[in-house]
Amino acid sequence: MRQTLFTGLLGLGLLCVPALVAGSVPASAQTPAKPAAPAVTADPERLAAAREVVAAAQGDRAAVLAAMKAPMVGVMQQMGITEPNKAQVMVDEVVLPTLSEHYDDLLAVQALSFASVLSKEDLKAVAGFYATPAGKNLVKAQPQLSQAMLTGMQQWMGTLMPQLKEKVEKAAAAHGWSNEVKRH
């Protein structure tokens with residue numbers, strides 16, 4: 001769960017970077033959006049069990065947010081605040097307070113997602129796992145696991161980029177799009 005929260009928020013931030021760097025922010029990102037109405041509802045007991053799983057899996061909120069500081073500094077730098085100390089100020093003064101302010105909304109969405117996929121019995125079993133020493137250790141280890149997995153995925157993608165670039169160029173040429181794929 002923590003990994004999903006961490007990498008999800010990081011990924012969301014990274015997805016916004018190209019538009020922000022290019023200076024074109026989508027209209028939806030320019031105005032505050034109202035939270036989307038849940039597409040799925042769950043019976044109260046099932047939703048309560050899902051909330052228990054999310055609460056147990058999230059661990060310490062402050063630790064989750066603290067684990068996001070360094071990656072978010074990187075996001076700020078990609079957005080154009082290149083000096084690390086200034087990027088850190090933006091993270092400390094803007095990003096983390098905003099994420100913290102809306103954190104419960106994210107947890108509610110996650111609980112609804114869990115409740116829409118897993119049965120009440122499965123949710124109770126998962127919550128039971130998180131109450132065990134192994135479950136508690138997993139929650140404590142999630143920031144390190146998330147960082148290691150993110151680093152590993154970046155390295156993995158880095159090794160595939162030359163192959164992907166070559167295949168994309170060939171496929172584009174086969175479609176007659178060779179002028180649209182720039183060779184660097």
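Residues are numbered from 1 along each chain as its sequence is written, and side-chain values use heavy atoms, with hydrogens and water left out. Because the model is predicted, local features need pLDDT of at least 70 and side-chain atom pairs count only at pLDDT 80 or more, whereas totals for chains, interfaces and linings use all residues.

The mean pLDDT (the predictor's confidence in each residue, from 0 to 100) of the protein is 79, and 74% of its residues reach 70 or more. Confidence is lowest in helix 1 (residues 2-22), with a mean of 38, and highest in helix 8 (residues 120-131), at 95. Over residues 1-32, pLDDT stays under 50; for this segment the model has 54 contacts beyond four places in sequence, a contact being heavy atoms within 4.5 Å.

The protein has nine helices and zero strands. Both kinds of element are DSSP runs numbered from the N terminus, helices being H or I of at least four residues and strands E of at least two. Among contacts between residues at least 6 apart in sequence, 73% join residues at least 24 apart. Buried residues make up 24% of the 184 residues, where buried means under 20% relative accessible area, exposed over 50%, and partly exposed in between (1.4 Å probe, protein chains only).

The largest nonpolar core holds 26 residues, of which Met-72, Met-76 and Val-91 touch the most other members. Such a core is a set of buried Ala, Val, Leu, Ile, Met, Phe, Trp, Tyr and Cys residues joined through side-chain atoms within 4.5 Å. Two or more residues come from each of helix 3 (44-58), helix 4 (61-67), helix 5, helix 6 (84-101), helix 7 (103-117) and helix 8, and helix 3 gives the most, with six residues. In helix 5 (residues 69-78), Pro-71, Met-72, Val-73, Val-75 and Met-76 are buried. Beyond its neighbours within four places in sequence, Met-76 contacts Ile-81, Ala-87, Met-90, Val-91 and Val-95.

Six salt bridges are found in the whole structure, each a side-chain nitrogen of Lys or Arg within 4 Å of a carboxyl oxygen of Asp or Glu. One of them joins Glu-45 and Lys-120 at 2.7 Å, N to O. Glu-45 lies in helix 3 and Lys-120 in helix 8, so this pair ties together parts that are 75 residues apart in sequence. Glu-45 is partly exposed at 48% relative accessibility, as is Lys-120 at 23%. In helix 9, Lys-165 and Glu-169 are four residues apart, about one helical turn, and their closest N and O atoms are 2.7 Å apart in a salt bridge. Lys-165 is partly exposed at 35%, whereas Glu-169 is buried at 10%. Lys-170 and Glu-166 also form a salt bridge (3.1 Å, N to O); Lys-170 is exposed at 55% and Glu-166 partly exposed at 43%.

Trp-156, Met-157, Met-161 and Leu-164 make a nonpolar surface patch of about 400 Å². Patches are made of residues with over 30% relative accessible area and no salt bridge, like charges being joined within 9 Å and nonpolar side chains (Val, Leu, Ile, Met, Phe, Trp, Tyr) within 5 Å. Met-161 lies in helix 9 (residues 133-174) and is partly exposed, at 44% relative accessibility.

Terms used. Areas by Shrake-Rupley, 256 points an atom, 1.4 Å probe, with all protein chains shown as cover.
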